[in-house]
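Work through the exercises below with the sequence and the 3D structure at hand. Each task is followed by a solution in steps.

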Amino acid sequence: MPDRAPGPPGDRWFGHLRAFRHDVLGLLTGAARDHGDIVRFRVGPLVTHLVNHPEHVSHVLQARARVYDKQTRSTAAIAAICAESLLTATGPAWESRRRLIQPSFHRARLAHLAGTMTDCIDARLARWRPGTVLDVASEMMGVTFAIVGRTVLGADVSGDAPAVESEVGRLLAHVFERWGQPLPVPRWLPTPSNRRFARDLAAVDRVVARIIAEHRADASRDSLLSMLMAARDAETGAAFTDAELRHETLTMLLAGHETTASAVAWTFALLAQHPDAEARVSAEVRSVLGGRRPALDDLVKLTATTSAIQEAMRLYPPIWAIERRAVHDDEIGGFAIPAGSSVIVSPFVLHRHPAFWREADRFDPARFDGVKAPPAYLPFGAGPRYCIGHEFAMLEARLIVARVLQRFRLELAPGHVVAPLPSLTLRLRHGLRMAPHAH
Ligand code: HEM
């Protein structure tokens, strides 16, 4: 019988619940430093393990992916919004969805979207006034929401965008709140928070259902949704039903906007704090693009820009925790992982592991120049559940960073404190107050 993994001492009744709720990044980072690459925690009645070595991570996410499924508390919380979908399903239900959706995210297909993405970015930047402080974190949420709305749903969302954006934001915040509760209030109890959740969900669902009906009536529409409608399973010939389309569309809205917004916001925050790195990216953007709109061929030349985004996602990965549940008893690195317990892979902690990163806490984009990202780097996850939107996200992030730096130098507002806030994604605790200055 393998041993229990070591871990920090916790409260007799609640285990590490308090620290999980109040300083989860500090708890995980300190535990990995003090107890090694596999650490056991108790969160109320639940047992969870932090797994913090590329070999163990690959065991969980890749080699034994069938033993570690997504029937976790975080998935259950998200499924309250998007039901069973690519993000939340497991087993054959997930496999058939992935087969149907994957072609819509093919690189050649995405190339087609670069122009729409640039239009959305330009529309937002046209509202920026040089010298006037704004919250760049919320600006980035606005841009990425507009992009995902336009590309996934087609142009029709523009009238609904502000309302849908804040409803989706509240839905995500509610989900994170529930994840932190060991015994969440049952969904059917009419508490103010449950009622607000139901109202927001119904409102977003109505917009999505309307857009699906419009697509059904007009076959000429060109969007990710229209591709999903046309998709047929190569093995069974089956197509998505309307309900499934609603769930998948909602999933793309949820998974596809806050993540990229967080990646680019952190990139701007770190560049503003590191003038040498900022000068390198700005010089590259000027020499590759000058003042013109980026063409697809330009993007491969934006190597310093790409390295800066990768390095920002190393230090502040938007998805800071990936959770799985052990279906059977297993053993990792000589320690027992009992059936029913959960496993957390934290890109935030692994990306700072001193054995795999030189000067791990230093922002140094050049470490990604011309090299393949190492196995201890997984901002988009790993294995079969690898992010389906990673090419989409990298295309979008490079366009945003390049387009902003073509026009502006961003300066942090005096006294603004840059600090992380782990929510469903890794946000900026105080937003990102910056003043754009025209070049
Ligand atoms: C910088 C931006 C992004 C980051 C850091 C990110 C990160 C991730 C990670 C870590 C996973 C794996 C989760 C797990 O294994 O449990 C994932 C899955 C997923 N992502 Fe992303 N993502 C980003 C952008 C996007 C975009 C733009 C879309 C869609 C338009 C998207 C859609 C999805 C979906 C649908 C899944 C589930 C895939 C599956 O389970 O088969 N993501 N993402």
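**Exercise 1.** State how much space lies in the largest pocket, and find which residues are closest to its centre.

Solution. Step 1: the largest pocket holds about 1,000 Å³ of space. A pocket is found on a 1 Å grid over the protein atoms alone, as an open set of points with protein on both sides within 12 Å along at least five of seven lines; its lining residues have an atom within 4 Å of a point. The volume is the space filled by probe spheres set on the points, which are joined across faces, edges and corners. The model is predicted: local features need pLDDT of at least 70 and side-chain atom pairs count only at pLDDT 80 or more, while totals for chains, interfaces and linings use all residues. Residues are numbered from 1 along each chain as its sequence is written, and side-chain values use heavy atoms, with hydrogens and water left out.

Step 2: there are 35 lining residues, and Arg107, Gln310, His390, Glu391 and Met394 are the closest to the centre.

Step 3: two or more lining residues come from each of α3 (54-63), α6 (107-111), α15 (296-299), α16 (303-315) and α18. Helices (H or I, at least four residues) and strands (E, at least two) are DSSP runs, numbered from the N terminus.

**Exercise 2.** Describe the second largest pocket by its volume, its central residues and the classes in its lining.

Solution. Step 1: about 800 Å³ of space lies in this pocket. Step 2: of its 39 lining residues, Phe20, Val24, Phe176, Trp179 and Gly180 lie nearest the centre. Step 3: the lining divides into 20 nonpolar, 11 polar and eight charged residues. Here Ala, Val, Leu, Ile, Met, Phe, Trp, Tyr, Cys and Pro count as nonpolar, Asp, Glu, Lys and Arg as charged, and the others, Gly among them, as polar.

**Exercise 3.** Find the volume of the largest cavity and say what takes up its space.

Solution. Step 1: the structure has one cavity of 30 Å³ or more. In a cavity, a 1.4 Å probe fits but cannot get out. Step 2: the volume of the largest cavity is about 1,100 Å³. Step 3: among its 48 lining residues, Leu87, Ala255, Thr259, Ile319 and Cys387 lie nearest the centre. Step 4: this cavity is the space taken by the ligand. A molecule sits in a cavity if more than half of its atoms lie within 2 Å of its grid points.

**Exercise 4.** Which residues are the closest to the ligand, and which is the protein donor of its iron atom?

Solution. Step 1: the ligand is surrounded by 26 residues (a heavy atom within 4 Å), with Trp94, Arg98, Arg324, Arg385 and Cys387 the closest. Step 2: this shell has 17 nonpolar, five polar and four charged residues, and α13 gives it the largest share, three residues.

Step 3: look for polar contacts, pairs of N or O atoms within 3.5 Å. Polar side-chain atoms lie 2.8 Å from a ligand oxygen in Trp94 and 2.7 Å from a ligand oxygen in Arg98. For an N or O atom in the side chain of Arg324, the distance to a ligand oxygen is 2.8 Å.

Step 4: Cys387 (SG), at 2.3 Å, is the only protein donor of the iron atom. Donors are N, O and S atoms within 2.8 Å of the metal (3.2 Å for Na, K and Ca). Cys387 is located in the loop between α17 (347-350) and α18.

Key: A polar contact is a pair of N or O atoms within 3.5 Å; within protein, one must be able to donate a hydrogen and the other to accept it, and residues adjacent in sequence count only if both atoms are side-chain atoms.
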